[in-house]
Amino acid sequence: MTSVLIVTPRFHHWPQALASHDALDTPCAVARLSLVEGDTDPNPYVNITGKYERGRRMALELGYDALLCLEDDMIVPPDALARLLAVDADIVYGLTVWRHGRPGWSTRLALTADGQAVNLSDYPDEARARWGTVVDVAGTGTFCTLIRRRVFEALPWRVDPAWPTLCCDWWLSVDAQRLGFRQRADLGCVCGHITREPTPRVLWPDARQARLWRVERL
């Protein structure tokens with residue numbers, strides 16, 4: 001039976017997000033790892049990278065078949081793990097929206113080592129047509145993301161000091177492309193992204209909206 005280590009770096013501590021994590025259906029053997037301590041670097045991206053790397057090493061040492069990354073500001077559907085496990089890919093992403101800047105979808109059709117990206121939501125008609133389907137992507141994000149063992153055996157989590165605004169999820173996507181790993185996104189695994197600004201609220205992908213996302217106040 002497939003075994004999955006669910007890894008959640010803890011920072012925001014939103015109870016709505018953590019409750020959704022606890023309510024996940026578990027169609028296989030799972031263990032949960034919440035990482036709280038160790039935020040010693042002034043760059044938060046370095047801290048979160050260290051936490052994911054601790055999770056990766058544990059998964060390797062204990063023989064897990066996959067990692068499920070769940071961020072603690074992410075509200076996920078109960079069937080998220082089952083859906084991601086059903087996708088034939090090396091890295092499988094759920095769908096959410098960014099909470100910084102314009103809330104585009106998290107599905108990157110292209111991204112590069114110099115910080116450039118193209119999102120599926122840059123093409124609204126195509127995004128609506130693809131709603132609820134599984135699509136090939138270039139990444140990115142650790143919002144609600146399943147990583148198969150062959151990937152985390154080959155790729156440690158990392159950041160690049162030359163690009164301090166790019167987190168480890170970006171470099172995982174870049175490195176996965178370089179090694180030829182297949183990355184896909186399930187656009188039916190719809191996840192809410194909690195933000196504090198301008199007031200506590202959840203941003204949801206929504207193909208029915210003209211802007212492709214909606215707001216739900218907490």
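Predicted model: local features only at pLDDT ≥ 70, side-chain atom pairs only at ≥ 80, totals over all residues.
Local features need pLDDT of at least 70, and side-chain atom pairs count only at pLDDT 80 or more, while totals for chains, interfaces and linings use all residues. Residues are numbered from 1 along each chain as its sequence is written, and side-chain values use heavy atoms, with hydrogens and water left out.

**View 1. The seven-stranded open sheet.** The strand order is E2-E1-E3-E9-E5-E10-E8, with mixed pairing. Strands (E) are DSSP runs of at least two residues and helices (H or I) of at least four, numbered from the N terminus; two strands pair if DSSP finds at least two bridges between them. At the edges sit strand E2 (29-35) and E8, each pairing on one side only.

**View 2. Strands E1 and E2 side by side.** E1 (residues 3-9) and E2 run parallel, joined by seven bridges. Look for Val4, which stands opposite Val30 in E2.

**View 3. Trp105 and Trp131, a tilted pair.** Ring centres are 5.6 Å apart and the planes meet at 45°, so this pair counts as tilted. (Rings of Phe, Tyr and Trp, the last by its six-membered ring, pair if their centres lie within 6.5 Å; planes under 30 degrees apart are stacked, over 60 edge-to-face, the rest tilted.) Trp105 is buried at 0% relative accessible area, whereas Trp131 is partly exposed at 31%. Buried means under 20%, exposed over 50%, partly exposed in between (1.4 Å probe, protein chains only).

**View 4. Arg211 over the face of Trp213.** Arg211 lies 3.7 Å from the ring centre. The cut-offs: NZ of Lys or CZ of Arg within 6 Å of the ring centre and within 35 degrees of the ring normal.
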